[in-house]
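Visitor: Could you walk me through this model, one question at a time, with the criteria stated as we go?

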Amino acid sequence: MSTPNPKKVNFIKSVINNLENNGFPQKRVSLPLEKMYEIAENKGLNLNQVLETLETDHSIVSEKTDDRIIFTQQLANDIDPNKKEDLMKQAMEMMNKMSPEELQRIQETFENMTPEEKQEIMRQGKDMGLI
């Protein structure tokens, strides 16, 4: 297994931060295609490889148009079934490592949500095949 390129890791973090500052993942966000290529090239990176990593490691899908790259969050239904299993295992491992206090806080947070928020969480769980 190769060591991650720090420039690539930092660039990906920067892209994700930029997307989140623009309403992602709730909104589709587009960034200028040519500018993205320039920034990647100035960092010695291949933008196509960066976009591939965003999709495989962060479930962020990109679509190129003539002058923009449009980013969307990959839907759980689009995730490979094997990857779903991995996500479930990771979630279970995380929960098993949580203290009783952390689990209690999560439960309280859920209980304090509006019915609409709870319904959305349940819908997302169903979409991911968890329910």
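Guide: What follows is a set of questions and answers on the fold, the packing and some local backbone features.

Guide: This is a predicted model, in which local features need pLDDT of at least 70 and side-chain atom pairs count only at pLDDT 80 or more, while totals for chains, interfaces and linings use all residues. Residues are numbered from 1 along each chain as its sequence is written, and side-chain values use heavy atoms, with hydrogens and water left out.

Visitor: In what order do the elements of the chain run from the N terminus on?

Guide: Helices (H or I, at least four residues) and strands (E, at least two) are taken as DSSP runs, numbered from the N terminus. On that basis the secondary structure of the chain comes to six helices and three strands. From the N terminus on, the elements run α-β-α-α-β-β-α-α-α.

Visitor: What is the order of the strands in the open sheet?

Guide: Two strands are said to pair if DSSP finds at least two bridges between them. Four bridges join β1 to β3, which run antiparallel, and five bridges join β2 to strand β3 (residues 68–73), again antiparallel. The edge strands, each pairing on one side only, are β1 (29–32) and β2 (60–64), and the order of the three strands is therefore β1-β3-β2 by the criterion of at least two bridges.

Visitor: Which residue in β3 is the bridge partner of valine 61?

Guide: A hairpin joins β2 to β3 through three residues. Along this pair of strands, serine 62 stands opposite phenylalanine 71, and the bridge partner of valine 61 is threonine 72.

Visitor: What angle does the direction of helix α2 make with that of β1?

Guide: Axes are lines fitted to C-alpha atoms, for helices over the stretch in contact, with angles running from 0 to 180 degrees between N-to-C directions, and contact means heavy atoms within 4.5 Å. Helix α1 (residues 6–21) packs on the sheet, touching β1, β2 and β3, and its direction makes about 125° with that of β1. Helix α2 (residues 33–42) also packs on the sheet and touches β1, β2 and β3, its direction making an angle with that of β1 of about 65°.

Visitor: Within what arc do the buried residues of α2 fall?

Guide: In α2, Leu33, Met36 and Ala40 are buried, whereas Glu34, Glu41 and Asn42 are exposed on the other side of the helix. The arc is that of the directions from the helix axis to the C-beta atoms. Seen down the axis of α2, its buried residues line one face of the helix, because they fall within an arc of 65°.

Visitor: Is threonine 53 buried or exposed?

Guide: Threonine 53 lies in helix α3. Leaving aside its neighbours within four places in sequence, threonine 53 is in contact with Lys8, Ile12 and His58. Its relative accessible area is 14%, so threonine 53 counts as buried.

Visitor: What value does phi of serine 59 take?

Guide: Most residues other than glycine have a negative phi. Serine 59, which lies in the loop between α3 (47–58) and β2, counts as buried at 15% relative accessibility. Its phi is positive, in a residue other than glycine, with a value near 55°.

Visitor: What is the omega of the peptide bond from phenylalanine 24 to proline 25?

Guide: Proline 25 is placed in the loop between α1 and β1. The peptide bond from phenylalanine 24 to proline 25 is cis, with omega near 10°.

Terms used. Buried means under 20% relative accessible area, exposed over 50%, partly exposed in between (1.4 Å probe, protein chains only).
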